[in-house]
Amino acid sequence: MHTYSLLAHAKINLYLEVIGDRPDGYHELAMVLQSIDLADRIDLRANGTNRIQVHCDHPQVPTDERNLAYKAAALMTEEFPDTFSQFGGIDITIHKRIPVEAGLAGGSCNGAAVLVGLDLMWKLGLTQIELQELGAKLGSDVPFCIAGGTAIATGRGEQLSPLPSLEDMYAVLAKYQSLSVSTGWAYQTYRQQFGEAYVSNRQDLLGRRQRVHSGSMVAAISHRNNEQIAQLLHNDLERVVLPAQPRVAQLKKAMQQLNPLGVMMSGSGSTVFALANSRAQAETLRSQLQQQLADPDLGIWVTRFTANGIQLIR
Ligand code: C5P
């Protein structure tokens with residue numbers, strides 16, 4: 001049986017608002033998510049055993065049950081036991097390009113790629129909605145990673161409304177390689193510090209969700225107004241991550257001094273991104289930032305917005 005190779009695209013958050021608590025212990029969020037062309041490659045191959053094996057050359061990526069790609073495969077074997085016994089176990093190889101624990105959904109998109117890849121390999125014919133429902137069991141960002149593009153995400157982040165795609169925009173990502181932020185920590189700390197202001201009644205909750213749908217960020221996206229999109233960037237989690245991680249705050253300041261369209265932290269960090277109108281502008285920002293900070297620990301990536309989530313390449 002041949003190898004299925006898929007590209008799993010990273011995301012950035014153009015908008016992230018924490019609205020309140022949920023009965024399941026997660027947070028009610030209102031977000032606008034955007035796929036970028038920075039991607040991991042995931043190879044799936046039947047291995048003739050009854051086991052799932054994950055291979056990855058990145059030292060920070062676990063290859064056991066903790067890996068979302070592993071969890072995705074395990075979920076598929078539980079959901080489709082007859083197909084699993086017919087096709088047998090699989091080797092999953094992750095070629096890591098997306099920085100780890102960076103607020104870019106690197107783990108989630110690997111899980112998404114395994115769901116999409118096994119659906120193809122096992123000829124299950126699942127719809128995108130069915131794949132996204134499975135994805136939501138693995139993590140809040142997995143459904144978006146399957147769909148890709150530009151979308152509003154509410155609920156835990158799994159309820160999606162697609163928006164017009166934005167492909168003429170670039171994001172320069174910067175991250176200190178040695179600095180990671182745990183998403184769980186960021187939300188827990190946010191709750192401790194700002195939980196008193198959480199919306200608690202259902203009517204207000206629905207109102208806040210609606211505000212994003214009819215809000216200025218979505219209008220700016222519909223008009224493909226890059227300058228306005230950049231001005232409206234927002235991320236509530238900066239309120240806890242920037243004070244706790246002064247290097248992330250300094251990085252954001254250094255990027256702002258270069259006068260890009262806009263600068264924001266992605267997800268729970270520690271990646272900070274700057275927006276640009278063209279690849280040339282983005283490349284200039286990259287070299288200016290490299291010169292200004294001259295730190296070998298700093299990773300910088302020039303990326304373009306994309307409409308793709310998971311892409312089969314072979
Ligand atoms: O869903 P995922 O596993 O990616 O979430 C990681 C952690 O982030 C959760 O364990 C939870 O602490 C926090 N989280 C949250 N509310 C969300 C999404 C994530 O509190 N909507």
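Where is the place of K11? Keep that in mind for the first view.

A note before you look: this is a predicted model, where local features need pLDDT of at least 70, side-chain atom pairs count only at pLDDT 80 or more, and totals for chains, interfaces and linings use all residues. Residues are numbered from 1 along each chain as its sequence is written, and side-chain values use heavy atoms, with hydrogens and water left out.

**View 1. K11, a buried lysine without a salt bridge.** K11 has its place in strand 1 (residues 4-21); strands here are DSSP runs of E with at least two residues, helices are runs of H or I with at least four, and both are numbered from the N terminus. K11 is buried, meaning under 20% relative accessible area, while exposed is over 50% and partly exposed is in between (1.4 Å probe, protein chains only). The nearest side chain of opposite charge is D141, 4.2 Å away. Lys and Arg count as positive, Asp and Glu as negative, and His and the chain ends are not counted. A salt bridge needs a side-chain nitrogen of Lys or Arg within 4 Å of a carboxyl oxygen of Asp or Glu. Leaving aside neighbours within four places in sequence, K11 is in contact with residues including L33, F144 and G267 (contact means heavy atoms within 4.5 Å).

**View 2. L6, also from strand 1.** L6 counts as buried because its relative accessibility is 0%. Not counting residues up to four places away in sequence, L6 touches, among others, D40, A113 and I313.

View 3. Rings of Phe, Tyr and Trp (its six-membered ring) pair if their centres lie within 6.5 Å; planes under 30 degrees apart are stacked, over 60 edge-to-face, and the rest tilted. F84 and W122 have ring centres 6.3 Å apart and planes at 40 degrees, so this pair is tilted. F84 sits in helix 2 (residues 81-87) and W122 in the loop between helix 3 (106-121) and helix 4 (128-138), 38 residues apart. Both F84 and W122 are buried.

**View 4. Y190 and F194, a tilted pair.** Here the centres are 4.8 Å apart, with 45 degrees between the planes. Y190 and F194 share helix 6 (residues 183-194), 4 residues apart, about one turn of the helix.

**View 5. R247 over the face of Y176.** R247 lies 4.0 Å from the ring centre of Y176. A charge sits over a ring if NZ of Lys or CZ of Arg is within 6 Å of the ring centre and within 35 degrees of the ring normal.
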